[in-house]
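Here is a brief report on selected features of one structure. Look over the sequence and the model before reading on.

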Amino acid sequence: MPKPTLNEFLAIFGRIGLLSFGGPAAQIALMHRELVERRPWLTETQFLNALSFCMLLPGPEAMQLATYAGWRLRGTSGGLIAGLLFVVPGALVIFVLALIYAHFGGVPLVQSLFLGVKATVVIIVIEALLRVSKRALKGVQGVVIAGLSFLAIFALQLPFPLIIAAAGLFGAMTAQGTGAIPVAPPARPRTARTVAIWLALWAAPVGVLAIANQPLLFEIATFFSTLAIVTFGGAYAVLAYMTQEVVTQKGWLTTAQMMDALGLAETTPGPLILVTQFVGFMAGFGSGGILLAFVAGMVTLWVTFVPCFLWILAGAPWLDWISGRPRLSGALTAITAAVVGVILNLSIWFAVHVFFGTVGTFHLGPLSIVRPDPATLNLAAVALALLAAVLLLMRHWPLMAVLALTAVAGVALSAAGLNPVASIRGEIRPPALSITRECTMVGPLKEGRKCRARSTMET
């Protein structure tokens with residue numbers, strides 16, 4: 001395979017980073033076209049093996065695929081350049097959008113725009129569910145795993161990492177041999193040194209924040225570091241877990257803000273997991289203003305994407321050897337099936353919070369199920385979602401065009417007197433979100449503290 005010059009390398013991966021709209025499927029297709037079809041930089045086998053490897057890892061598979069391709073072409077420096085070019089353009093846009101949202105998100109016009117975005121997000125997640133289920137549910141076992149995964153997170157409220165771990169363990173234990181020819185491991189991979197370097201880079205800011213006594217930033221760093229380890233199946237799969245934590249447990253965002261975050265991330269290039277950057281930014285803004293918001297956003301980016309470089313740069317030399325391991329393949333298959341159930345839960349969760357102004361919870365023993373109030377059904381939101389469904393699922397319009405049209409339609413409905421924003425009660429983002437921390441002394445001698453963030457609305 002010919003090795004590209006540095007200028008060619010920068011031009012192509014810069015192009016990929018700037019044009020990587022539309023989620024993982026579109027991003028992977030773009031890379032295949034640029035790196036395999038138009039240029040003989042990677043073979044079909046190399047590309048597909050790398051894609052399978054990245055799907056086995058936690059984190060955004062498209063960004064990791066770009067990093068691997070850069071490593072394959074120009075070594076460690078190539079991997080770093082390719083990964084950064086895939087992330088940085090979208091991250092810069094997210095910072096700008098988050099800043100605008102923090103200051104103007106409570107303006108009625110902006111709220112009307114975001115109603116259309118939220119309605120479209122419901123259809124986007126359903127489309128992701130359909131796409132992943134076609135790939136993942138190839139037999140009865142896959143359907144059963146998906147069904148159990150859905151019940152575990154929807155009705156039993158089990159943690160997402162536990163569900164993924166159980167599915168992966170089951171898949172590895174029940175995997176059948178593939179008959180693939182064994183491949184020898186790499187001769188001098190220097191894996192231990194690579195892992196040590198990137199673990200140190202990952203942990204350094206977390207340690208600094210702990211020493212500097214920055215509780216919010218430290219909590220953000222540890223939470224998103226944990227998220228980086230369990231994000232199997234892409235951003236859609238982990239959104240339910242992240243939303244549960246940042247809205248219900250930590251109080252960093254409201255439900256409506258979380259959905260706005262996904263809508264904004266859908267409009268930017270780069271991996272959808274950049275939604276975490278928006279969450280970190282808003283958590284910092286609600287607690288300490290713009291400066292803390294930017295620092296929180298940078299901390300979130302660091303602990304989200306440094307692990308991606310760790311997985312790829314440590315694992316890339318082993319890829320050919322890993323490709324022949326049937327148990328790893330079995331774990332991936334089971335995890336992918338479980339992700340279908342998780343995304344189904346996310347679809348329902350988003351839909352009820354967009355279409356209904358009041359959403360309660362029904363408890364029956366260990367079961368805990370969302371229960372919307374039918375009297376608060378928002379017909380305008382339903383109409384906007386139906387419009388998005390027709391354009392995305394039936395007419396196959398570009399995502400950006402659909403988001404723009406539904407946002408304008410939301411404003412038009414409000415101008416016509418239907419006032420769709422007001423019908424969603426307090427779920428739409430208020431003018432300001434105040435974050436406070438409540439702490440109690442715990443332990444036999446009251447020597448420790450247990451704190452929980454609580455959000456209050458300033459109207």
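At what angle do helix 8 and helix 13 pack, and how far apart are their axes?

## Helix 8 against helix 13

This is a predicted model. Helix 8 covers residues 191–211 and helix 13 covers residues 290–315. The two pack at an angle of about 170°. Their axes lie 9 Å apart. Helix 8 is therefore roughly antiparallel to helix 13, because angles over 145 degrees count as such.

On helix 8, the contacting residues include Trp198 and Trp202, along with Leu199, Leu201, Pro205, Val206 and Leu209. Thr191, Thr194 and Val195 of helix 8 also take part. Helix 13 supplies Val299, Trp302, Val303, Val306, Pro307, Phe309, Leu310, Trp311, Leu313 and Ala314. By class, the contact has 18 nonpolar residues, 2 polar ones and no charged ones.

## Gln141

Gln141 sits in helix 6, which spans residues 140–154. Is Gln141 buried, partly exposed or exposed? Its relative accessible area is 45%, so Gln141 is partly exposed.

Beyond its neighbours within four places in sequence, Gln141 touches Phe170 and Thr174. Ala334 is 193 residues away along the chain, yet the C-alpha atoms of Gln141 and Ala334 are 8.6 Å apart.

## Pro374

Pro374 belongs to the loop between strand 2 (367–372) and helix 16 (379–394). Pro374 has 62% relative accessibility and so counts as exposed.

Definitions and conventions:
Residues numbered from 1 in each chain as written. Predicted model: local features only at pLDDT ≥ 70, side-chain atom pairs only at ≥ 80, totals over all residues. Heavy atoms only, no water. Axes fitted to C-alpha atoms, helices over the stretch in contact; angles between N-to-C directions. Helix = DSSP H or I, 4+ residues; strand = E, 2+ residues; numbered from the N terminus. Parallel < 35°, antiparallel > 145°, perpendicular 65-115°, else oblique. Contact = heavy atoms within 4.5 Å. Nonpolar A, V, L, I, M, F, W, Y, C, P; charged D, E, K, R; others polar. Buried < 20%, exposed > 50% of the residue type's maximum accessible area, 1.4 Å probe, protein only.
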